[in-house]
Amino acid sequence: MEERHVIVTYRFDRATIQELCTQFEPDLMSPIRHPTGIPPDVQVLSVVHFLASGSFQTTVAMASGISQPMFSNVLSRVLSALLKHVRRYIIFPELADLPTVKGDFYALGHIPNVIGAIDGTHVALVPPAGMNRSTGTGRVIIR
């Protein structure tokens, strides 16, 4: 598979996917109540594709050559492995650093009040209608 196609399919390059497979392998090595077991790299690739595509478990499972119930089990295992290493991959700014972070993002893209990025994708966080309302201070009241 060409690198460009890898990035489109998984939203990561080969090196990052290999790093994830290597890092999660100890948590994914034991058989998952399946006679043949599922190799750690297949587990990681399946879950990364699922998260990157926003598709259904059944669709990703079929593409991965496993059943949907097995994929559900794999999803749980890979996400649990990810949670063990989450601080390495997901970083939230400290409250005191927010003005600097906002300023740095504004300098990059001229979008105000940005405090983070996910894969370079702009995601507007908007509460459901009638559920929450802003206090005008950057805080939201949840009913």
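Visitor: How many salt bridges does a search of the whole structure find?
Guide: Searching the whole of this predicted model turns up four salt bridges, and a few of them can be taken one by one.

Visitor: OK, what does Glu-3 pair with?
Guide: Glu-3 meets Arg-14 through their side chains in a salt bridge, with an N to O distance of 3.2 Å. Glu-3 belongs to helix α1 (residues 3–10) and Arg-14 to helix α2 (residues 14–28), so this pair ties together parts that are 11 residues apart in sequence.

Visitor: And how exposed are those two, Glu-3 and Arg-14?
Guide: Glu-3 is partly exposed, at a relative accessible area of 32%, and Arg-14 is also partly exposed, at 41%.

Visitor: Which residue does Arg-88 bridge to?
Guide: The partner of Arg-88 is Glu-19, and the closest N and O atoms of this salt bridge are 2.6 Å apart. Because Arg-88 sits in helix α6 and Glu-19 in helix α2, the pair ties together parts that are 69 residues apart in sequence. Glu-19 itself counts as partly exposed, with 33% relative accessibility.

Visitor: What about Glu-2, who's its partner?
Guide: Glu-2 forms a salt bridge with Arg-4, where the closest N and O atoms are 3.2 Å apart, and both Glu-2 and Arg-4 are exposed.

Visitor: Switching to the backbone: what is phi at Arg-11?
Guide: Phi of Arg-11 is near 60°, which is a positive value in a residue other than glycine. For context, most residues other than glycine have a negative phi. Arg-11 is found in the loop between α1 and α2, and at 40% relative accessibility this residue counts as partly exposed.

Visitor: Where does His-110 lie?
Guide: His-110 lies in the loop that runs between α7 (98–109) and β1 (132–134), and its phi, again a positive value in a residue other than glycine, is near 60°.

Visitor: Is His-110 buried or exposed?
Guide: His-110 counts as exposed, since its relative accessibility is 56% and the cut-off for that class is over 50%.

Visitor: Last topic, which residues form the nonpolar patch on the surface?
Guide: The patch is formed by Tyr-89, Ile-90 and Phe-92, which together have about 330 Å² of accessible area. Of these, Tyr-89 lies in helix α6, which covers residues 86–89.

Visitor: Why does Tyr-89 count as partly exposed?
Guide: Tyr-89 has a relative accessible area of 31%, and it is therefore placed in the partly exposed class, which falls between under 20% for buried and over 50% for exposed.

Definitions and conventions. Residues are numbered from 1 along each chain as its sequence is written. This is a predicted model: local features need pLDDT of at least 70, side-chain atom pairs count only at pLDDT 80 or more; totals for chains, interfaces and linings use all residues. Side-chain values use heavy atoms; hydrogens and water are left out. Patches are made of residues with over 30% relative accessible area and no salt bridge: like charges are joined within 9 Å, nonpolar side chains (Val, Leu, Ile, Met, Phe, Trp, Tyr) within 5 Å. Accessible areas come from the Shrake-Rupley method with a 1.4 Å probe; for residues, only the protein chains shown count as cover. Helices (H or I, at least four residues) and strands (E, at least two) are DSSP runs, numbered from the N terminus. Buried means under 20% relative accessible area, exposed over 50%, partly exposed in between (1.4 Å probe, protein chains only).
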